[in-house]
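Okay, thanks for making time for this one.

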Amino acid sequence: MNHPLAAAVALLALIAGSAAAQEAEPRRPSLETLERIIETREPEIRVAVPEQGRITARRIDIVDEDGTIRMTLAAETPAPIIDGIQYRRAFDVSGVILYDEDGSERGGFGVADVDGGMAVLALDHPAMDAIGWRVSPDGAVSFTVNAAPPLVREPGLGDRLVPGVATSTRIRLSVAADGTPAVALADAGDRPRVRMTVTEEGYGAIEFLNAAGEVVHVLAPERDLR
């Protein structure tokens with residue numbers, strides 16, 4: 001016959017294990033909530049017979065129900081539209097451009113006709129790049145995160161948003177053409193103040209910079225030990 005104390009301990013362990021399992025479950029929407037937001041359980045995911053095996057075009061626009069262009073695929077993408085005004089693009093890009101419900105550009109990706117062909121991707125604040133990727137033909141790669149600039153409106157432009165308002169690139173990740181990696185953090189004045197890298201000798205290092213861009217302190221424990 002089982003000892004009463006052993007049985008009690010086993011019961012407590014079972015209860016504790018069940019409680020721990022319940023606590024470990026992530027918070028999630030209930031089935032009832034999911035049922036309310038289901039559009040259909042049988043979405044259209046394929047076309048039975050393609051109407052045409054190949055489409056050749058210089059530009060294709062995807063529009064919403066009221067005719068606003070929401071996506072453009074083009075061999076030469078249109079110049080950026082910001083708050084109803086179209087501005088010259090810094091360089092020609094072939095690829096896809098995304099637009100918000102008002103027709104303003106909010107991002108895109110493609111190949112830019114600069115430096116021998118650069119692969120680019122960007123997602124935008126309302127009037128400024130927010131994040132951007134660049135892959136250069138020489139092998140250099142960069143990823144930047146820009147702080148949102150203030151939304152400035154110009155009466156002379158019908159009170160429209162002003163593009164290109166000054167802001168700071170707060171985070172910059174890069175791999176140089178020679179393979180050197182770096183992560184830089186900047187202050188609100190767009191001045192790099194902390195930089196992580198790997199030295200030519202292969203040592204990990206953290207560099208601290210002053211406002212003039214001068215390295216004032218370096219942490220490289222493995223290098224210092226040697």
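This is a predicted model: local features need pLDDT of at least 70, side-chain atom pairs count only at pLDDT 80 or more; totals for chains, interfaces and linings use all residues.

What we have is an open sheet of 12 strands, and the pairing is antiparallel. If you want to trace the order across, go β1-β2-β5-β6-β7-β8-β9-β12-β13-β14-β15-β16. At the edges sit β1, residues 59-63, and β16, residues 215-219, each of which pairs on one side only. On average, neighbouring strands in this sheet are turned by 10° against each other, ignoring direction.

Now let's zoom in on β8 and β9. These two pair antiparallel over 5 bridges, with Ile-131 standing opposite Val-145 in β9. They make a hairpin, and there are 5 residues between the two strands. Have a look at Gly-139 in that turn: its phi is positive, about 100°.

Moving across from β9, you get to β12, residues 169-175; 6 bridges join the two strands, again antiparallel. Here Thr-144 stands opposite Arg-172 in β12.

Further along the order, β14 (residues 192-198) and β15 (residues 204-209) pair in the antiparallel sense, over 5 bridges. If you're looking for a pair to click on, Arg-195 has Glu-207 in β15 as its bridge partner.

Next, the histidine. His-125 is in strand β7. Is His-125 buried or exposed? With a relative accessible area of 19%, His-125 counts as buried, because the cut-off is under 20%. A polar atom of the His-125 side chain lies 3.1 Å from the backbone oxygen of Asn-146.

Last stop, the largest pocket. How much space lies in it? About 750 Å³. There are 33 residues lining this pocket, and the closest to its centre are Arg-89, Glu-105, Ala-122, Asp-124 and Asp-129.

Which elements give two or more residues to that lining? Those are β5 (93-99), β6 (105-112), β7 (118-125), β8 (128-135) and β9 (141-146). The largest share comes from β8, with 7 residues.

Key
Residues are numbered from 1 along each chain as its sequence is written. Side-chain values use heavy atoms; hydrogens and water are left out. On a 1 Å grid over the protein atoms alone, a cavity is a set of points where a 1.4 Å probe fits but cannot get out, and a pocket is an open set with protein on both sides within 12 Å along at least five of seven lines; lining residues have an atom within 4 Å of a point. Grid points are joined across faces, edges and corners, and a volume is the space filled by probe spheres set on the points. Helices (H or I, at least four residues) and strands (E, at least two) are DSSP runs, numbered from the N terminus. Two strands pair if DSSP finds at least two bridges between them. Axes are lines fitted to C-alpha atoms, for helices over the stretch in contact, and angles run from 0 to 180 degrees between N-to-C directions. Buried means under 20% relative accessible area, exposed over 50%, partly exposed in between (1.4 Å probe, protein chains only). A polar contact is a pair of N or O atoms within 3.5 Å; within protein, one must be able to donate a hydrogen and the other to accept it, and residues adjacent in sequence count only if both atoms are side-chain atoms.
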